[in-house]
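Here's a quick briefing on the pockets in this one. Have a look at the model first, then we'll go through the linings.

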Amino acid sequence: MAKIVVFGASGKAGLQIAAVAQSRGHEVTRIGRDPGVEAAAEAAAGPDVAVSTVVDLSRDPAEFYTSAARALVASGAGRIVVVGIYPLLETAPGVRFLDNPDFPAEHKPFCLGHAAGVEVLAASATDWLAMSPAGNFGGTSTGRYRVSGPDPADALTYEDFAVAVADEIDHPTHRHTQIGIASA
């Protein structure tokens, strides 16, 4: 079984991801949302898989996500899985959902901060994957999920998302990309 560290394990997604991974027999180290991901990544160096579900709304999104991505890469994790956001998913080749002219301007800095973090991962030699809830995050578990495009009407439960992340840990099928996940 894999040695996994979950950053943000005290949040809704991280809590579920850690629980599902542990139920599958993985050795899981849980790191809450409070310590900086940069310091925490150094403390948890060398896992097979690092999962990041963290956000720091008190910091500039681009600075936070690039710094967090650099720390995850430096941790030496064999695979990095980060929780992304659906506005970064493509609606057509080279066109992200956030590129829509009707996309709210006030949300763009946060989304572009996420994108900057993904760019750090993409520029690295690390095996990485960004998994994004395809629309509304929450609700009642369906027990199933699907890979999906960026549809704000889609729903994804925390439980179904945790299963999707654990499945990618157990059987990596997506590498060096960002995918959307929705409950089926």
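How do the residues of the lining of the second largest pocket divide into nonpolar, polar and charged? They split into 5 nonpolar, 3 polar and 3 charged. Keep in mind that this is a predicted model. Here's the rest, pocket by pocket.

**Second largest pocket**

- The space in this pocket comes to about 210 Å³.
- Its lining is made up of Leu-88, Leu-89, Glu-90, Arg-96, Ala-115, Val-118, Glu-119, Trp-128, His-176, Thr-177 and Gln-178.
- Two elements, α4 and β11 (177-183), each put two or more residues into that lining.
- Of the elements, α4 has the largest share of the lining, with 3 residues.

**Largest pocket**

- You get about 550 Å³ of space in the largest pocket.
- There are 23 lining residues here, and the ones closest to the pocket centre are Thr-53, Val-83, Gly-84, Ile-85 and Phe-137.
- Sorted by class, the lining comes out as 13 nonpolar, 8 polar and 2 charged residues.
- At least two lining residues come from each of α1 (12-23), α4 (108-123) and β8 (136-137).
- The top contributor to this lining is α1, which gives 3 residues.

**An element to look at in both**

- Helix α4 supplies at least two residues to the lining of the largest pocket, and α4 also gives 3 residues to the lining of the second largest pocket.

Technical notes. Residues numbered from 1 in each chain as written. Predicted model: local features only at pLDDT ≥ 70, side-chain atom pairs only at ≥ 80, totals over all residues. Heavy atoms only, no water. 1 Å grid on protein atoms, 1.4 Å probe; cavity = no way out; pocket = protein on both sides within 12 Å on 5 of 7 lines; lining within 4 Å. Points joined across faces, edges and corners; volume = space filled by probe spheres on them. Helix = DSSP H or I, 4+ residues; strand = E, 2+ residues; numbered from the N terminus. Nonpolar A, V, L, I, M, F, W, Y, C, P; charged D, E, K, R; others polar.
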